[in-house]
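Here are a few exercises to work through with the structure open beside you. Try each task before you read its solution.

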Amino acid sequence: MSSPLIQWYPGHISKAEKALKEQLKRVDVVLEVRDARIPLVTQHPQMPDWVGSKAKVLVLNRVDMISASARQLWADWFYAQGEQPLFTDAQHGKGMLAVTKAAQLAGVAVNQKRRDRGMLPRPVRAVVIGFPNVGKSALINRLLGKRVVESARRAGVTKQLRWVRISEEIELLDAPGVIPSKLEQQEAAIKLAICEDIGEAAYNNQRIAVELIELLSYLDATSDGLVSLDCLESRYGIPVGEMTGEDYLARLGSDRCQGDIERAARQLLNDFRKGVLGAISLELPPP
């Protein structure tokens, strides 16, 4: 029997989840950050339990990495589910004002209750929660207007919880990325690996690169033109045609990387992650 494509559950994530649950008691608002390329896969299954009766602000980050058409489809779909997503590009500081306003608005009710009890208002306490590498720390740095929390384009940079004062009105808790202890669907885990939303140690680059090609082929056939395989040909000069993902990666290695398939796999994944292949959604709203 072949081993699963993706395997994980690093100890620091488990500890972070325990610490997060403790801190949630002090929080008024939850800012849930997801990856706009895979907004369903980056929804943590425990999020409804963590949020409970608290206010929640849904942030879809990396909006610059999906097309305007895909963004509109997702906006319409979330509205139909009763949610109002805020689209951000934390890397370049886009959409930050809307996030700040939403957090402040959510805290108005908290301070009204305090006033009703004869207590003084206090800063709204918000927590930023999401999978590793969806851009939580970059979001906090942008909200602050300066770099105070470490941020990088890889999973697992934030290792501990810390409170950061955003303004007189808001305090933010920066939490390490949390991933489910189990992900029943390997398909979901594969998308997380492609988008680098889990650590590289959990997967094999060549297998994930093959899965990316196969996924692009599937989306090319089913997305009504929103995702096209032409992105590969225009980047590498190699049409996919009837090739399987494995065949294409081998050809890419042969033609562009002196036969080094591992190097070809890394280049393909990096090109996707940096947006070199274009604005590509790996998920589209369910019908």
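**Exercise 1: a leucine and its core**

Task: in this predicted model, find what leucine 216 is in contact with, leaving aside its neighbours within four places in sequence.

Solution: Start at leucine 216 and look for its partners: Val227, Leu229, Cys231, Leu232, Ile280 and Leu282. Next, zoom out to the largest nonpolar core, which has 64 residues. Leu216 is one of the members that touch the most others, along with Leu172, Leu232, Leu268 and Leu282. Helix H7 (residues 205–222) gives this core its largest share, 8 residues. Another core, of 12 residues, lies apart from it and includes Val27, Met47, Trp50 and Ile129.

**Exercise 2: checking a helix**

Solution: Now pick out the buried residues: Gly245, Tyr248, Leu249, Leu252 and Gly253. Finally, see what they pack against: H7, helix H8 (230–236) and helix H10 (261–273).

**Exercise 3: a glutamate in a strand**

Task: decide whether glutamate 171 is buried or exposed, and find its polar partner.

Solution: Glutamate 171 is in strand S6 (residues 170–174). Buried means under 20% relative accessible area; glutamate 171 has 18%, so it counts as buried. Its side chain makes a polar contact of 3.1 Å with that of arginine 165.

How values were computed: Residues are numbered from 1 along each chain as its sequence is written. This is a predicted model: local features need pLDDT of at least 70, side-chain atom pairs count only at pLDDT 80 or more; totals for chains, interfaces and linings use all residues. Side-chain values use heavy atoms; hydrogens and water are left out. A nonpolar core is a set of buried Ala, Val, Leu, Ile, Met, Phe, Trp, Tyr and Cys residues joined through side-chain atoms within 4.5 Å. Buried means under 20% relative accessible area, exposed over 50%, partly exposed in between (1.4 Å probe, protein chains only). Helices (H or I, at least four residues) and strands (E, at least two) are DSSP runs, numbered from the N terminus. Contact means heavy atoms within 4.5 Å. A polar contact is a pair of N or O atoms within 3.5 Å; within protein, one must be able to donate a hydrogen and the other to accept it, and residues adjacent in sequence count only if both atoms are side-chain atoms.
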